[in-house]
Amino acid sequence: MTTEPILETFALTRHFGGLAAVDQVAIELRPGELHAVIGPNGAGKSTLINLLSGDLKPTAGRIRFAGREVAGLPAHRMAQLGIGRSYQKTNILRALSALENVRLAAQARHGQTRLLRIAGREASLVEHARRALARVGLAAEDKSAGSLSHGGQRQLEIAMTLATDPSVLLLDEPLAGMGPEETRHMVALLRQLAADHAVLLVEHDMDVVFAVADRLTVMVNGSVLASGTPEAIRGNAAVREAYLGEAVA
Amino acid sequence: MLPRTRLGWWLLALGALLLAAYPWLVPPFYVTLGAKALIWAMLAMSLQLLAGGVGLVSLGHAAFFGIAAYSVHLLTPEYESLSILVTLPVAILAAGVAALLIGALSLRTKGFFFLMVTLAFGQMVFFLFHDTACCGGADGVSVGRPALGALGVEWTLGRGDRSLVYYYVNLAIIIGLYLGLAFVLRSLFGRVLQGIRVNEHRMQALGFDVYRYKLAAFTLSGAIAGLAGHMWVMSDGRVNPELAGWHLSAEGLLMVLLGGLHALHGAIMGALALTGLNEVSQLITERQLLVQGLVVLLIVLLLPRGLAGLSLPGRRHKAEADDDD
Amino acid sequence: MDFASLFTQVLNGVQLGLLLFLIASGLTLIFGIMNFINLAHGSLFMVGAYTAYVCTSAFGSLWFALPVAIAAGILLGALLERSLFRFFYTREHLYQVLLTYALVLLFEEARAFLVDNDFHAVPVPAVLDFSVPVTTQFSYSAYRLFVLALCLVLAGLFFLVIERTRFGAVVRAAAFDRDMVEALGLDVKRIFLAVFAIGTAMAVLAGALAAPLYSVYPGMGDSFLIVSFVVVVIGGVGSVAGAFWAALLIGLVDQLGKAYLSGVAGMLVYLMMAAVLLWRPTGLFGRAA
């Protein structure tokens, strides 16, 4: 589907000392599309996500979201605008219950103007949280987040991001450390999510990437090497040489 | 931070009842002591809100206590006494504004820096009172105690009744404060604070402007410390720079630790226990610092959960510290 | 403005700054590497000052006090680290604050017990008890010049060790990223012990040197403690260079403030800290947040 991109970058750059971790990157994300970013370790994928989510400020370049210039806005502003992000290294509130984790996420979006209401009575937030948990398939809402299995925690990560009602989802290696069964669930979920969000996915598992992505961007050493449909990327000689090697023939 | 069972709430109510009965059970000297202990409890609660509620440890909170006390001095004309309805709002406002300003700067830092910065700002306030001519200097000065009453109708108290009345006023304030903070902690705002305490970075990423929430909590906490400072002037009738000194801040933190970081009523228990302990130790020896030092040492080494942690065995209160990056 | 008195104040400021550097350098490394807040660092300064007092009254010489102070500092630092502090590295700040606060109280009590509660002047060593003529109209205390020189030498030595020795490289690495150093298989425990012992010794020595200048009195550690915290905040945690420049800056501001702006002198240092924090929340040389 060719629609206007909801998130795009122009010559986005981030330096660390003398090193350009992300170098003049132009990327586009469209609603209803799952855009995967792949590349070897150190390619700058995580830095790119950090720039898009506001966790890092760019050194140069622009980011445009829904018609607004948003480069350099802090993470909480990006989230409020509708850019949601999940973390590669599970970043949950371990001491609180799974439900509370997601309820807080819902509150971030819907509950910041009525701060002096008793939390227990705000049923709408709890409902919202339950819906997000159901969507990712996590049932154990009362367990403390820290006591969930690894897969459960990864699911919680996504549920939290979903509960903030983002229009863009930045997913940083959601499959990290998952077994085959959990991976299948997650792939199905990713397909579903792409239907009503714009999803940017950073992943290492090539089978999954080629199965779910509508578009692929390959990054090497901070720059974009190639960008296009999965078939185009598969056939791209430079990409094969740099990254795919023999694994995907 | 709050009791999780009905039994817990009943126990608290029982505690309040005991505190109400206390003045009838002890000699008059101890009533005055009790009134002062309740004031320390107010200060401790302000610190509890920050440390246990948000995860911020402030070493300069006595500054707000002192500012409120000195505001009463500055407001009250010499040899007179103003109505509490005038002095109290001014004191709380002064402390709150100071907390807003100091918090706005200090909260730009985290972890160590925050601790050191609050300590330094506290000292700045101390020197303000100690060195400048406005406020009685290093030795402090007497102040006309705020009077209970307004618009010419005043409840004049004889010496004897005074301590009893102050005790009950302070007790009423403590109960009100507890209920008020309980409400805050159970509110949506309180949940955000809890989230910040557990994982500040993720809360920021979810869309909460963490700085603003922390600043709100810090200001509220400063205002409560100011409330305590005002009541101190009422009970004691004097102000001196040590009321803003870091030793007082450290003792307040000690009360929070003694009572238990993870229970709001811990602040009250800790304040009462420490005041009692100090009294008892004075009867035993003149070497006060030795006793205090040993007490603090023992508490830190042996009672990491504090007294509140002891009272209900089997409950796991493990809340995690912030990540400090 | 009188040039001679201005010059005096500037020299005093530099000398105070260098003393502050001796105290703060240990503090900043201890924070930066072990993540440990030590409120008792000011008490160590006091220990040094009282050591000087006792040595001068008992043996008539400050010179004797200096090596005693250094030795006492190393022993005290090692003892405290091994027996108490190392169990608290992973505890929350609140515990460290209160633990070391307890030590402050105990040190004060020990001072009251071993010496007394009075204010005592400490005489400058006889051999340095004169003024050095700097210009035709102005001379400066020889002892202060000696302290200045000695502190510069010590600062220089400290820098040499930190920047040029293998040990120093490890310390710098640990201040930057302790986990990495551990992962490299280096024995962090010995590094911690060494850093603590050295930091303590420097603070104690600073106290001994300062005694003739400031006299000894109860609670003297407090003001130096808090000002050295400000040095660490302004300079940046873990940065020795930061501590150096911040200490000089604060020494000058404090001294000149007291001389020319007596009303607000006490607050100047804190106002400066506020200004630095507005500009750079992790200090001038600190790691970016």
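Modeller: Helices (H or I, at least four residues) and strands (E, at least two) are DSSP runs, numbered from the N terminus. The model is a predicted one: local features need pLDDT of at least 70 and side-chain atom pairs count only at pLDDT 80 or more, while totals for chains, interfaces and linings use all residues. Residues are numbered from 1 along each chain as its sequence is written, and chains are lettered from A and ligands numbered from 1 in the order in which they are written.

Colleague: What span should helix α2 of chain B have, and how far apart are its end C-alpha atoms?

Modeller: The expected span of a helix is 1.5 Å times one less than its number of residues. Helix α2 of chain B, residues 28–54, has 27 residues and should therefore span 39 Å; its end C-alpha atoms are 39 Å apart, in agreement.

Colleague: Where is the kink in α2(B) centred?

Modeller: The bend at a residue is the angle between axes fitted to the seven residues ending there and the seven starting there. In α2(B) a kink of about 30° is centred on Q48(B).

Colleague: How many residues of α2(B) are buried?

Modeller: A residue is buried if 20 or more other C-beta atoms, placed from the backbone, lie within 10 Å of its own, exposed if 12 or fewer do, and partly exposed in between. By that count 22 of the 27 residues of α2(B) are buried, so this helix is largely enclosed by the rest of the structure. Helix α7 of chain B, residues 188–198, is also largely enclosed, because eleven of its eleven residues are buried.

Colleague: How many helices and strands does chain B have?

Modeller: Chain B comprises 13 helices and four strands. The overall form can be judged by the radius of gyration, taken over C-alpha atoms, against the globule rule of 2.2 Å times the number of residues to the power 0.38. For chain B the radius is 19 Å, close to the 20 Å that the rule gives for 325 residues, so the chain is as compact as a globular protein of that length. The C-alpha trace of chain B spans about 55 × 45 × 45 Å along its principal axes, and 53% of the 325 residues count as buried.

Colleague: Which pair of chains shares the most contacts?

Modeller: Two residues are in contact if their C-beta atoms, placed from the backbone, lie within 7 Å. Of the two pairs of chains in contact, chains B and C share the most contacts. No contact joins chain A and chain C, whose closest C-alpha atoms lie 11 Å apart.

Colleague: How many residues do chain B and chain C each give to their contact?

Modeller: Chain B gives 33 residues and chain C gives 31. On the chain B side, α5 (111–131), α10 (246–259) and α12 (288–302) are the elements that give two or more residues, and α5(B) has the largest share, 13 residues. For residue classes, Ala, Val, Leu, Ile, Met, Phe, Trp, Tyr, Cys and Pro count as nonpolar, Asp, Glu, Lys and Arg as charged, and the others, Gly among them, as polar. The side of chain B that touches chain C has 25 nonpolar, five polar and three charged residues.

Colleague: Which element gives the most to the side of chain A that touches chain B?

Modeller: That contact takes 28 residues from chain A and 19 residues from chain B. On the chain A side, α3(A) gives the most, with five residues. The residues of this side divide into 14 nonpolar, eight polar and six charged.

Colleague: What does the domain assignment of chain A give?

Modeller: Domain bounds come from an automatic or database domain assignment. In chain A they give domain 1 (1–82 + 166–249) and domain 2 (90–165), with 25 Å between their centres, taken over C-alpha atoms. Ten residues of domain 1 are in contact with ten residues of domain 2.

Colleague: Is E173(A) buried or exposed?

Modeller: E173(A) counts as buried, with 20 C-beta neighbours inside 10 Å. This residue lies in the loop between β8 (168–172) and α6 of chain A, and its phi is near 50°, a positive value in a residue other than glycine.
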